[in-house]
Amino acid sequence: MRYDLPKLDYAYDALEPFIDARTMEIHHAKHHQAYTDKMNAVLEKYPKLEVQKLETIMAELPTIGLSDEDQKTFRNHGGGYLNHALFWNIMGPKKSVDEALVGRITQTFGSVDEFKTKFTAAAVGQFGSGWAWLAEDKAGQLLVYATANQDSPYLQNHTPIIGLDVWEHAYYLTYQNRRAEYVEQWWHVLKLI
Ligand code: MN3
C-alpha cells in the first residue's frame with residue numbers, strides 16, 4: 001500500500017506570524033512529500049509488511065526483515081513521514097487543550113512551565129538537525145529528549161506525544177539562525193497545551 005502525504009486541516013498561512021506560509025508550504029508539499037515517496041519505495045519491496053503498522057515496523061526495524069540499506073532508508077524517511085504527520089496534527093491556529101495531557105505533564109514535571117523549560121533545553125541543545133520530543137514509554141512514563149535527524153521515538157518503543165522539528169528547513173526563512181526564538185514562538189501554535 002502506498003501512503004499519501006497527510007493533508008493539513010489548516011491553511012499554510014494559518015500559523016503566521018509564528019510559522020510563515022512559505023515555510024509551511026515547502027515543508028509540507030516538498031519535504032514531507034519526499035519522505036513519503038522514499039518510504040513508499042522501500043515498503044513496495046516488502047509486500048509482507050503491508051499488514052504492519054508503520055509504528056510497528058519502526059519499533060522492530062532491526063528484526064522485521066529489511067536489508068541493512070532499507071533499514072537505513074526507512075529509519076530516515078519512515079521517520080520523516082511519521083514525525084511530520086504528528087507535527088502537523090499537534091499544531092493549529094486555535095488552542096485545543098488536552099486537559100488530561102496537561103494533568104500528566106503537571107504530575108510528571110511539576111508544572112507546564114517546568115515541562116516547557118526542559119523541552120526547550122532539549123530542542124535548543126540538539127546539535128544539528130533533529131527533533132525534541134515529549135514521549136511515553138511502555139510503562140506510561142513521560143519523557144523529554146531530543147533525537148538526531150529523523151529518528152523516531154518508536155525506534156526505542158516510545159510513543160511520541162509532542163514533537164518539535166528543529167531542522168533549519170522548519171524555521172530558517174523567518175528565524176534564520178535563531179533557533180531559540182523559533183522554539184519560544186512555537187508554543188503559540190502548539191494547540192495541545
Ligand atoms: Mn521537517
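UniProt positions are given here in the numbering of this chain, and its annotations may be inferred rather than shown by experiment. With that in mind, an unreviewed UniProt entry lists residues 2-91 as "domain: Manganese/iron superoxide dismutase N-terminal". The structure is a predicted model.

**Domains and their contact**
- Residues 2-91, the span in the UniProt record, are 58% helix and 0% strand.
- The end C-alpha atoms of that span lie 25 Å apart.
- Domain 1 puts 20 residues into the contact, and domain 2 puts in 22 residues.

- In soluble globular proteins, nonpolar side chains tend to be buried together.
- Setting aside residues up to four places away in sequence, L134 touches L101, I105, F109, F115, F119, L142, L143, V144, T159, P160, I161 and I162.

**Helix α4**
- The buried residues of α4 are L101, V102, I105 and F109.
- They span an arc of only 100 degrees around the axis, so they fall on the same side of α4.
- An α-helix has 3.6 residues a turn, so residues three or four places apart point the same way.
- E99, A100 and Q107 are exposed on the other side of α4.
- The cover over the buried residues of α4 includes α5, β1, β2 and β3.
- D98 caps the N-terminal end of α4, with a side-chain oxygen 3.2 Å from the backbone nitrogen of A100.

**H77 in helix α3**
- H77 sits in helix α3 (residues 68-90).
- Its relative accessible area is 16%; buried means under 20%, so H77 counts as buried.
- Beyond its neighbours within four places in sequence, H77 is in contact with A34, Y35, K38 and M39.

**Backbone exceptions**
- Most residues other than glycine have a negative phi, and most peptide bonds are trans.
- The peptide bond joining E16 and P17 is cis, with omega about 5 degrees.
- P17 belongs to the segment before α1 (21-43).
- N157 is not a glycine, yet its phi is positive, near 65 degrees.
- N157 lies in the loop between β2 and β3, and at 36% relative accessibility N157 is partly exposed.
- Q176 is not a glycine either, and its phi is positive at about 50 degrees.
- Q176 is in the loop between α6 (172-175) and α7, and at 30% relative accessibility Q176 is partly exposed.

Definitions and conventions. Residues numbered from 1 in each chain as written. Predicted model: local features only at pLDDT ≥ 70, side-chain atom pairs only at ≥ 80, totals over all residues. Heavy atoms only, no water. Helix = DSSP H or I, 4+ residues; strand = E, 2+ residues; numbered from the N terminus. Buried < 20%, exposed > 50% of the residue type's maximum accessible area, 1.4 Å probe, protein only. Contact = heavy atoms within 4.5 Å. Arc of directions from axis to C-beta. Polar contact = N/O pair within 3.5 Å; in protein donor to acceptor, adjacent residues only side chain to side chain.
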